[in-house]
Amino acid sequence: MGNDVVVVVEHDGGVISDTTFELLGKGRELADAWGGRLVAALFGEPELAGELGAADVVRFAAGAELGGYCPEAWEALLLNVVESVDARLVLIGTSTVGMDLGSSLAARWHAAPLSYVVALRADGDELLATSQIYAGKLLADLRVTAPRVVVTHIGGLLPSDAGRKAGSPALEEIDPAVLGSLKSAFKERRVPDGGGVDITAAPMLVSVGRGIAGQDNLELAQEVADALGVPLSASRPVIDQGWLPKPHQVGKSGKKVKPKAYLAFGISGAPEHLEGMRNSELIIACNTDPSAPIFDVAHYGTTVDLFDLLPELAERLGD
Amino acid sequence: MRIVVPVKQVPDLVEELELNSEGSDIDREFVKFVANEWDEQALEEALLIKEAVGAQVSVVAFDEPDVDQTLYTALARGADDAVKLTGAGDGWLSTAERARLLAQWLSGQSYDMVITGVQASDDLDGQLAGTLGGLLGVPHASVVVGVEPGSGSVTVTQELAGGTVVTTEIATPCVVGMQTARQAPRYAPISRIRQAMSAGGLESVEAPGEATGPAEGVELLRLYPPEKAGRAEMISGDAPAVAERIVEILASKGLVKL
Amino acid sequence: MPVGGRKQPPVATELEAATVTSSLSGREWELPGMWNRMFESRVLSGYTTSELARISSLPGGESIEWCYGCGKCVPVCPVDLVGEYGPRKLHRKAQTGVNLLADADLWMCTTCGNCLRVCPKEVDMIQIMPAAREAAVTDGVMPAELQDVFEKTFRQGNCLGENPRRRHAWTKGAGVPVRVLASDPRPVDVLFYVEDYWSYHPRGQQAAQAFARIADALGVDWAILGAEEKTLGDSQRMAGEKGLFESLMEDVVATLGKYAFNRIVTPDPHGFNALRKVYPTYGHNFDVLHYTQLLAPLIDRAKWAGSVEAKVTFHDPCYLGRHNGEYDAPRRLLASIPGVEVVEMSRCKENGYCCGGGGGGMWLDGFNSDRVTERLSERRVKEAADTGADILAVCCPYEVSRFEDAAKSTGNEHLKVLDIVELIDAAMFPR
């Protein structure tokens with residue numbers, strides 16, 4: 001059984017994802033524990049190899065046909081990588097790439113797949129993992145003795161510093177013949193524009209409530225929204241005061257929204273409001289009252305004053 | 001063109017999940033099962049393709065709790081036929097088992113596309129679309145938000161982190177893991193579901209094998225609820241520190257660039 | 001009008017000119033549209049009748065054709081008071097070629113029934129609305145909020161999508177034992193059909209608990225179905241999902257068939273309406289009472305340990321009052337509570353103003369928000385505040401959350417919204 005750890009490098013627009021660095025850090029730890037090598041698999045954009053100093057080896061492939069991401073090409077390349085090194089574990093983020101390749105690689109390489117992993121460590125020669133299932137309602141502790149494992153790991157949970165260290169890994173190009181008979185063709189990559197006035201279609205929302213205290217103060221929140229390129233929304237009191245037009249209202253009597261991130265400032269979280277936004281993928285709430293119900297549905301909360309926080313955020317998110 | 005849409009039942013997460021006495025699984029007697037929400041997206045996309053260019057849409061599921069209602073709902077929405085694979089075992093089927101049995105069943109079918117949900121809440125061992133694609137040795141794509149059929153190929157649009165989308169043309173037959181259909185899953189009027197039920201259009205077919213239990217080499221030690229469920233993680237510090245942390249959180253989700 | 005709300009200006013849809021055929025000479029006259037209504041029988045060649053026929057050809061939609069355009073329905077329509085609506089206006093839109101099944105107006109009617117009360121031709125929106133909406137729903141056209149409620153109701157048996165097993169979770173806080181028939185199936189006098197909002201909404205649960213204490217103290221022999229209960233789904237029916245209503249009815253009738261009871265009592269006027277008026281048309285006959293009708297004859301037995309020193313105004317639920325003729329029982333209960341002084345709002349009883357929750361409106365505040373200047377509940381709360389009352393008393397489970405929300409949004413936080421059972425409870429068992 002091999003001891004090498006392979007990390008799939010995810011990149012978009014010439015930028016390596018944070019999750020990749022997190023996994024390089026974790027992969028480094030496991031490879032060291034097992035006495036194996038850390039292998040970074042980099043498909044497309046070979047110049048990014050310079051950032052992969054944490055790895056011992058970078059196996060890379062160049063070629064426009066790889067595009068931002070082309071599932072079939074990446075799968076063929078990844079299969080080549082795991083078969084040509086002494087791989088025991090493959091780490092991929094729980095992302096489009098991870099869902100695509102993690103499962104199919106496991107099937108083709110006859111490995112055990114683990115999904116939605118939130119913690120991973122070596123225990124002697126075994127691997128202990130914790131997975132998050134049922135949308136995070138339950139955690140599963142797993143002991144893995146399989147000789148080949150493919151892990152898709154949820155991003156944002158590990159420090160990425162360990163994966164960012166400098167080094168000089170061996171650069172090994174994958175034989176382009178691996179891509180000999182592709183039945184797929186990459187066509188295009190598009191970056192969407194930041195959203196419009198339709199708050200239900202916006203990827204993120206900056207939302208204000210009664211705590212904003214006056215129409216003039218909306219400017220503070222507007223600056224954060226502008227920095228993110230997303231619209232401003234509000235809870236009912238703000239709309240009732242006429243500070244924002246009705247189409248901006250979130251809640252039972254406004255619009256139901258489900259953005260990727262909902263940033264709530266000065267919203268206490270009346271049930272009618274929560275009904276309109278509780279399914280947002282990420283909720284970050286700022287309210288000076290630590291017992292405000294909004295914190296029951298928020299993922300992250302803070303009780304600092306929104307008048308202090310908004311300018312700080314605008315400054316960091318601007319330019 | 002024939003599109004096969006595998007669907008499955010998952011526990012309704014509206015409810016609290018109870019564990020069985022051994023703590024090795026959820027209490028399946030207690031929970032209510034509903035159609036996997038991403039499978040509904042898959043069916044919708046298949047029906048949109050059918051409306052645009054014509055296709056036979058076949059829905060397939062294993063014999064799971066309340067699966068009949070899901071299959072009849074699919075027929076009421078416009079699926080052409082519905083197959084229930086029986087005898088694969090009483091318990092829960094892992095993704096790997098499900099994929100293996102479906103791959104065997106599909107090997108006796110003609111199909112151009114398999115469209116299924118990108119994931120399910122109980123996927124502990126990978127997602128169906130990728131696993132099935134790997135087993136069948138056909139091109140596949142996940143987190144798909146649009147499928148445009150061509151001749152001998154389809155053009156799929158996949159969503160990457162941060163909203164970037166990539167478009168790829170892949171040859172058929174292929175497997176697609178659907179994230180979001182081009183329009184919200186259509187409503188099946190209850191009267192039409194009841195009509196479908198009384199017409200009894202379900203085809204029960206013996207599954208091509210039995211579940212062989214969990215994969216070797218992975219042992220479930222414990223199943224438990226996370227400690228801090230349902231309450232925000234409070235960020236400490238003054239406003240600049242909190243702002244810093246919020247930006248980090250957004251960046252970790254790929255929502256902003258640092 | 002004494003309080004709030006402003007009319008939206010009407011949208012002129014008449015053609016500038018029309019051709020009128022004389023019934024005597026057969027001659028055709030070109031006339032400007034403003035003259036059209038001067039003639040009793042006329043042929044408007046500029047319009048198609050197909051859109052009106054689209055509605056009137058539906059089973060239940062027939063009476064829209066009987067409209068002769070008097071317009072009496074418009075000033076009594078609660079939606080028109082805050083918008084631009086009314087049965088005659090819908091009729092007119094259809095006459096001018098608008099497909100109502102694809103029009104957002106279709107979802108604004110709360111089926112309050114005030115138009116039917118004044119209509120000389122008995123154009124019956126209570127039949128027309130569910131019929132037209134059913135046709136739209138069958139085509140898959142409906143507000144997303146409503147689709148969500150239909151799906152939740154079909155899946156979970158309640159409009160809130162809550163866990164059916166927790167239907168009787170509220171009984172734990174009642175302070176008195178509540179009998180659940182599944183675990184104690186002996187015959188019972190009153191089967192109490194709790195319905196969704198009293199089962200699950202926090203404010204409804206408080207009312208349910210108050211009811212339990214009162215029923216216990218008054219010696220009522222009663223029990224609930226618990227997890228076996230499913231909503232009766234009357235508002236889903238009025239919102240266009242008759243199939244869902246019928247599916248629920250099959251389950252409900254089967255469940256009820258398992259137990260022996262004398263009568264059904266429910267706090268929900270919508271469920272009450274379903275059992276009293278709709279179930280019999282399918283051959284299912286039950287003795288059914290609204291909870292106010294159960295308690296009113298028994299309230300003399302109450303031992304009042306305290307009082308409610310307050311000025312109270314009462315909002316008639318459309319489906320208890322106008323739809324089923326009960327205006328008295330709630331008022332008798334209120335009058336019996338020591339300390340309560342009842343003041344009436346200008347619109348009450350037969351002309352009571354609608355809270356906006358009926359006919360699916362409960363779930364459509366967001367969808368309709370762009371087409372009204374204020375919510376019906378907001379207008380009603382202002383009317384209640386205008387009486388100088390301290391408390392707005394209600395006896396429909398939809399209303400507490402609607403009016404509490406509206407009291408906040410209209411700056412009338414001082415007006416408390418309480419169910420009648422909560423007032424009785426406060427006076428019988430002061431804390």
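In this predicted model, 74 residues of chain A are in contact with 72 residues of chain B, two residues being in contact if their C-beta atoms, placed from the backbone, lie within 7 Å. On the side of chain A that touches chain B, helix H3 (residues 96-109) of chain A contributes the most, with 11 residues. That side of chain A comprises 38 nonpolar, 18 polar and 18 charged residues, where Ala, Val, Leu, Ile, Met, Phe, Trp, Tyr, Cys and Pro count as nonpolar, Asp, Glu, Lys and Arg as charged, and the others, Gly among them, as polar.

Helices (H or I, at least four residues) and strands (E, at least two) are DSSP runs, numbered from the N terminus, and two strands pair if DSSP finds at least two bridges between them. Two pairings are set out below.

| Strands | Sense | Bridges | Bridge partners |
|---|---|---|---|
| S12 (residues 184-190) of chain A and S9 (residues 165-171) of chain B | antiparallel | six bridges | Phe186(A) and Thr168(B) |
| S7 (residues 310-314) of chain C and S8(C) | parallel | four bridges | Val312(C) and Val342(C) |

In chain C, four strands form an open sheet with parallel pairing in the order S8-S7-S9-S10, and its edge strands, S8 (340-343) and S10 (416-419) of chain C, each pair on one side only. The twist averages 35° from one strand to the next, with axes taken as lines fitted to C-alpha atoms, for helices over the stretch in contact, and angles running from 0 to 180 degrees between N-to-C directions. Helix H16 (residues 399-409) of chain C lies across strands S9 (391-394) and S10 of chain C, running at about 175° to S10(C).

Residues are numbered from 1 along each chain as its sequence is written, while chains are lettered from A and ligands numbered from 1 in the order in which they are written. Because the model is predicted, local features need pLDDT of at least 70 and side-chain atom pairs count only at pLDDT 80 or more, whereas totals for chains, interfaces and linings use all residues.
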